[in-house]
Amino acid sequence: MKPAVRVTVTGAAGNIAYSLLFKIAAGEMLGDDQPIILQLVEIPQAMGALRGVAMELEDCAFPLLQQVSIHDNPEEGFKGVHYALLVGARPRGPGMERKDLLEANAAIFSGQGKALNDFANPDVRVLVVGNPANTNALIASRNAPDLSPSQFTAMTRLDHQRAKGILANRLGVTVNEVKGVTIWGNHSATQFPDLHHANVHGEPVLSLIDGAWYKGQYISLIQKRGAAIINARGASSAASAAQAAINHMRSWALGTDDDWVSMAIPSDGSYGVATGIIYSFPVRCNYGRYEIVQGLELNEFSRQQMKETEQELLAEMADVDHLLPPETAARMTDPFGRAGLVNDIDEECLRAGSIVVKTDRIC
Ligand SMILES: NC(=O)c1ccc[n+]([C@@H]2O[C@H](COP(=O)([O-])OP(=O)(O)OC[C@H]3O[C@@H](n4cnc5c(N)ncnc54)[C@H](O)[C@@H]3O)[C@@H](O)[C@H]2O)c1
């Protein structure tokens, strides 16, 4: 039996968590041979409801679930954690401007970044789901000076899966037959769902669909899918968000197979994207690491779409600048610590007479 790993979920009494926790405990995230200790974090006012969720988890008698603890503060909730899923966030209240929402969440995620830095396992992998997810992940990362920026990611997997599902439906194929879809940029209405490298059994998707439908309808359908679900359901997407969080962490921990996925990660300048922000890229994962898929050709239309969503993230970063410690700014220009690392290894190995194999892996 493998040793148990610690998984923290914040916002654990909320809607997404009500699907997410039971999937984690059932082994859907880390595999059906991986015992789990769940550490659930909420605000003090929600501890009653959280106690009820913990009771239900207990009542499921999940064979992999070794322990459940509940916490009203991140310091205790993040103790020794290996996988942290930051779902809890402040929702937009009446009359609240976008900037107010950013500020309210910035305060939460700077505190959580510090707590992760001080109490989590040094190898912790962090997924931010709570919106504005990309910028919240940036704030957490910038407030965790002892952790690598590469340990902080934000969720665009739901957008990725929406893009695959809606396309598969249009083409009359299954989602497994659609490969090479990418979400670039922010988890917001500026994201760019890119089908230029997508294919079905090797056939380019753009030769199978009407270009006018792609540019005129499909892109905005994916960008505004979250709002459409709120209008239809009277509540925001929860089960699909939970499934996407499971899939994001599972890919990161256990690897991707014959297709890439989209993850919002610190930009290392690939494809000309500004460094300093958390931007969604196409990635492949193995051995618990992710790497950006390189070498995709971008046309003028794609570049313009990617720029637009990059500009939004840069503006969000400027809005929360006062919460970003200046001393953690420089490492965002080389978020995977490649520059120093590869050279050090090279020199050390050359001195030892070894052959150096560069894999260009991240984190
Ligand atoms: N990235 C994505 O694709 C995606 C998709 C759907 C929803 N979301 C976002 O996920 C977040 C959660 O959605 P939900 O439907 O579960 O919302 P919800 O309101 O049902 O639950 C959020 C929970 O977070 C808790 N919370 C608030 N501040 C907290 C803090 N500082 N520490 C711990 N817990 C805290 C609240 O008490 C609440 O129980 C929202 O921000 C939502 O916009 C993101």
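Analyst: Axes here are lines fitted to C-alpha atoms, for helices over the stretch in contact, and angles run from 0 to 180 degrees between N-to-C directions. Helices (H or I, at least four residues) and strands (E, at least two) are DSSP runs, numbered from the N terminus. This is a predicted model: local features need pLDDT of at least 70, side-chain atom pairs count only at pLDDT 80 or more, and totals for chains, interfaces and linings use all residues. Residues are numbered from 1 along each chain as its sequence is written.

The focus is helix 5 (133-142). Start with helix 4 (residues 98-119): its axis and that of helix 5 come within 7 Å and cross at roughly 40°. That makes helix 4 oblique to helix 5. (Angles under 35 degrees count as roughly parallel, over 145 as roughly antiparallel, 65 to 115 as roughly perpendicular and the rest as oblique.) The crossing of helix 4 and helix 5 is right-handed; the near helix is turned clockwise from the far one by less than a right angle.

Contact means that C-beta atoms, placed from the backbone, lie within 7 Å. On the helix 4 side, the contact uses Leu102, Asn105, Ala106, Phe109, Ser110, Gln112, Gly113 and Leu116. Helix 5 answers with Thr135, Asn136, Ile139, Ala140, Ser141 and Arg142. By class, this contact has six nonpolar, seven polar and one charged residues. (Ala, Val, Leu, Ile, Met, Phe, Trp, Tyr, Cys and Pro count as nonpolar, Asp, Glu, Lys and Arg as charged, and the others, Gly among them, as polar.)

Next comes helix 10 (residues 300-319). Helix 5 packs on helix 10 at an angle of about 45°, with the axes 10 Å apart. The two are therefore oblique to each other. This crossing is right-handed. Asn134, Thr135 and Leu138 of helix 5 touch Leu313, Glu316 and Met317 of helix 10. Three nonpolar, two polar and one charged residues make up the contact of helix 5 with helix 10.

Now the domains. An automatic or database assignment sets their bounds: domain 1 covers 5-151 and domain 2 covers 157-314. Their centres, taken over C-alpha atoms, are 24 Å apart. 23 residues of domain 1 are in contact with 22 residues of domain 2. On the domain 1 side, helix 1 (15-26), strand 4 (83-86), strand 5 (125-128) and helix 5 each give two or more residues. Helix 5 supplies the largest share of that side, six residues. The side as a whole divides into 13 nonpolar, seven polar and three charged residues.

Note on methods:
Two residues are in contact if their C-beta atoms, placed from the backbone, lie within 7 Å.
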